[in-house]
Amino acid sequence: MALSKKQHTSTDQQAVLDAQLLLWHHTIGYVKSMALKAALDLRIPDAVHQHGGSATLPQIVTKVTLHPSKIPCLRRLMRVLTLTGVFSVVHDGAGDEPVYGLTPASRLLVSSGRLNVTPFLTLMLGTVFVSSFFDLGEWFGHELPDPSPFKLAHGRHIWDLADHDASFGKLFDDGMVADSSFIMDVVVKECSDVFQGISSLVDVAGGLGGATQTIAKAFPHVECSVLDLPHVVANAPTDTNVKYIAGDMFESIPSANAVFLKWILHDWGDAECVKILKNCKKAIASQGGKVVILDMVVGAGSSDEKHVETQILFDLFMMFINGAERDELEWKKIIFEAGFSSYKIIPVLGVRSIIEVYP
């Protein structure tokens, strides 16, 4: 049936309103991130946890620090956090206080929890990281590689700032440790086959060795070591069986049955990655081993919209230090260019994957 002129006009106006809605949704999307940051700053997950995992607003107020005049504002904050799935909410009846509960997501934000990702999210949501994107449009006018969006915003590379600003350095280290602890707990449970049949492993740029110590504890038959820069290794723990080696992954990597690269290659361009991978290949040459990469493979894993969107957003996010997340074709390019013969992607780590690379 043909539409009348009035119906045509109505349809056109609805399309315009839908377009405006889309743009508004994007424009104020950052408010969701800032609502999550406020929840972390106020320690709302801890407050709910301390009441047994569910709490009314008056109960939450007894555990958080805020001015009494802000209680209605807290209710509005919780409405956003429940709508977005950070907390659950149950309305028992008319006039009753809603009861807020922990979800699988907010359980990861409880400070006493075994898996606590709060330090990593605090880093990601902090002013230093977020402000790196304020002038992204201006950054597109500069020739690669310098300045990165981070350096454009702060005048230093991220590692330089971490070295010179103690508070940011601690925030950065705490965030990396929290993320490493979370993902490695999953790795040793879901990817145990990766570590079977190897006798020695070197964690390249492994920092203070949190990931390596998790591997060493779960697989005591593997002789584990960490390679990192001298000033990092100087602060390494001494009460561990993990061996620490001062060095530079761009120069050489100690010989081992397996080389482990966790969340490293996305920091670098293709040329640097190929150089690192070539050194990895030399390290396993006499051992007949493999390289184990823990990183993101864009497009791997679930086809769920949130999964795919998170991978694509993280790829754009990594531009803040001129890094990148890679899809399978991009991984294949640098792997083969480094002289390896084959690889296998194991997408069992949420948006991240294990990539086994063979000489």
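## Helix α7 against helix α12

Helix α7 passes helix α12 in a left-handed crossing, meaning that the near helix is turned anticlockwise from the far one by less than a right angle (clockwise would be right-handed). Helices here are DSSP runs of H or I with at least four residues, strands are runs of E with at least two, and both are numbered from the N terminus. This is a predicted model, in which local features need pLDDT of at least 70, side-chain atom pairs count only at pLDDT 80 or more, and totals for chains, interfaces and linings use all residues. Residues are numbered from 1 along each chain as its sequence is written, and side-chain values use heavy atoms, with hydrogens and water left out.

The axes of α7 (residues 118-125) and α12 (residues 166-190) come within 7 Å and cross at roughly 130°. That angle makes α7 oblique to α12. Axes are lines fitted to C-alpha atoms, for helices over the stretch in contact, and angles run from 0 to 180 degrees between N-to-C directions. Angles under 35 degrees count as roughly parallel, over 145 as roughly antiparallel, 65 to 115 as roughly perpendicular, and the rest as oblique.

On the α7 side, P119, F120, T122 and L123 meet F168, L171, F172, D174, G175, M176, A178 and D179 of α12; contact means heavy atoms within 4.5 Å. By class, this contact has eight nonpolar, two polar and two charged residues. Ala, Val, Leu, Ile, Met, Phe, Trp, Tyr, Cys and Pro count as nonpolar, Asp, Glu, Lys and Arg as charged, and the others, Gly among them, as polar.

## Helix α2 and its partners

Helix α2 (residues 30-42) packs against α5 (residues 71-83) at an angle of about 120°, with the axes 10 Å apart. This makes α2 oblique to α5, and the crossing is left-handed. A35, L36, A38, A39 and L42 of α2 touch L74, L77, V80 and L81 of α5. The α2 contact with α5 has nine nonpolar, no polar and no charged residues.

Helix α2 also packs with α7, at about 130° and with axes 10 Å apart. The two are therefore oblique to each other, and their crossing is left-handed. From α2 come S33, M34, L36, K37 and L40, and from α7 come T118, L121, T122 and L125. By class, there are five nonpolar, three polar and one charged residues in the contact of α2 with α7.

## Two domains

The protein chain is divided into domain 1 (18-108) and domain 2 (117-358), with bounds from an automatic or database domain assignment. Six residues of domain 1 are in contact with eight residues of domain 2, and the C-alpha centres of the two domains lie 33 Å apart.

Between them the domains bury about 600 Å², 78% of it on carbon and sulfur atoms. Within domain 1, K37, L40 and L108 lose the most area to domain 2, together 71% of what that side buries. Buried area is the accessible area (1.4 Å probe) that two parts lose on being put together, summed over both.

## Backbone exceptions

Most residues other than glycine have a negative phi, and most peptide bonds are trans. R43, in the loop between α2 and α3 (44-50), is not a glycine but has a positive phi of about 60°.

A cis peptide bond joins L144 and P145, with omega about 5°. The bond from D146 to P147 is also cis, with omega near -5°. P145 lies in the loop between α9 (136-139) and α10 (149-154), and P147 is found in the loop between α9 and α10 as well.
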